[in-house]
Amino acid sequence: MKFSIVTPVYNVGKFLPKCIESLMSQTYDDIEVILVDDGSKDDSPAICDSYAEKDSRIKVIHKENGGVVSARKAGTEVAVGDYICCVDGDDYVSSDYVENFYKILCSRQYDVVCCGHVEFSEDSEKAVNMNCRCGEYSRDQIISEIYPYLVQSETAKYFSATLWAKAMKRELYLPFQLAVDNKIAMGEDRAVILPFMIKVKDMYVMESCSYYYRHNQSSMTKVKKPLSWEQEKALVDHIYGSMIIEDYDFEQQLYRWAAHDIFNVAKSQFNSSEKYKVIKNKIKEYMGDPIYKTAIEKCHFSGSKSAKLMELALKHKWIFLMYLYNKVY
């Protein structure tokens, strides 16, 4: 059983050696590591090439910068493994990361196997299990136990829709990755995993936390800056268009998820240097978009005070509350 590990690389030279060395030291040997240099401007390309010279299991793709989606597509298209694992270039994994997947898949070749992860920074680390029970899931159990919060439940709970910390059947995963628009740069994991999970027939969730996710304060998701309404609209359009709902009613979940994301984008606008009144008017203008307007009108949260407050802020256009929320959190 072969595993293909796809690693997008963009200006992560500081962290890349640790990532690659963790992959090369796997206790399970039948792997290929596909490093996709997405037009890096630092020493990442040279690092990729130097490791490829040392280990024949490493493939390197150098391409023009096109974003993480295009990088994952490029890596996945040349992958030959039975299963795909995604590892980001500034993260790393334990030495038994792949072997843990292999041991589970020896008994049954599940469509996907998931594990927990360790969130770490320079001065702390915390183990985080999957937010569901560990063990085997049949198709019926996925529907009864995971579907109620796959997108977003009334309490704002949602399935862990990361591409990392998972081993996915390549033939099942590939079309969902290729279907994502390259311009989606935020929420791109969710754009793949949500429609992917609709097709999953069986799954296994492990107790182990063997993926190490770096809290890199300089990364795209950590820098305090306004999020793009255009990026958000592209993501919403993709997920709305790719979710198959005849087997289960995801309509209300999609409204909640979209409203939650709209709130996050709206409050982030206060990270810009524009005046409050200008930002306020822009937020109201974007919230008038038909798809956003419908999500806001029809979303409903309960059982979570923060989620309910978010709902009220959106429905009543309490822009100052968004401003305060952004400053505090």
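**Close-up views of a predicted model**

**View 1. Parallel pairing of strands E2 and E3.** In this predicted model, strand E2 (residues 31-38) pairs with strand E3 (residues 58-63) in the parallel sense, and the pairing extends over 6 bridges.

**View 2**

**View 3. Contact of helix H5 with helix H7.** Two packed helices are described by the angle between their axes and by the distance between those axes. For H5 (residues 139-146) and H7 (residues 188-199), the axes come within 10 Å and cross at roughly 130 degrees. The two helices are therefore oblique to each other, since angles from 65 to 115 degrees count as roughly perpendicular and those over 145 as roughly antiparallel. Arg139, Ile142 and Ile146 of H5 meet Met197, Ile198 and Lys199 of H7, and the residues of this contact divide into 4 nonpolar, no polar and 2 charged.

**View 4. Contact of helix H7 with helix H8.** The axes of H7 and H8 (residues 229-242) come within 10 Å and cross at roughly 10 degrees, which makes H7 roughly parallel to H8. On the H7 side, Arg190, Ala191, Leu194 and Pro195 take part in the contact, and they meet Leu235, His238, Ile239 and Ser242 of H8. The residues of this contact comprise 5 nonpolar, 2 polar and 1 charged.

**View 5. The whole chain, for context.** The chain holds 13 helices and 10 strands, and its C-alpha atoms fill a box of roughly 60 × 45 × 35 Å along the principal axes. A compact globule of 329 residues would have a radius of gyration near 20 Å, and the chain, with 20 Å, agrees with that expectation.

Note on methods:
Residues numbered from 1 in each chain as written. Predicted model: local features only at pLDDT ≥ 70, side-chain atom pairs only at ≥ 80, totals over all residues. Heavy atoms only, no water. Axes fitted to C-alpha atoms, helices over the stretch in contact; angles between N-to-C directions. Helix = DSSP H or I, 4+ residues; strand = E, 2+ residues; numbered from the N terminus. Parallel < 35°, antiparallel > 145°, perpendicular 65-115°, else oblique. Contact = heavy atoms within 4.5 Å. Nonpolar A, V, L, I, M, F, W, Y, C, P; charged D, E, K, R; others polar. Pairing = 2+ DSSP bridges. Rg over C-alpha atoms; globule rule 2.2 N^0.38 Å.
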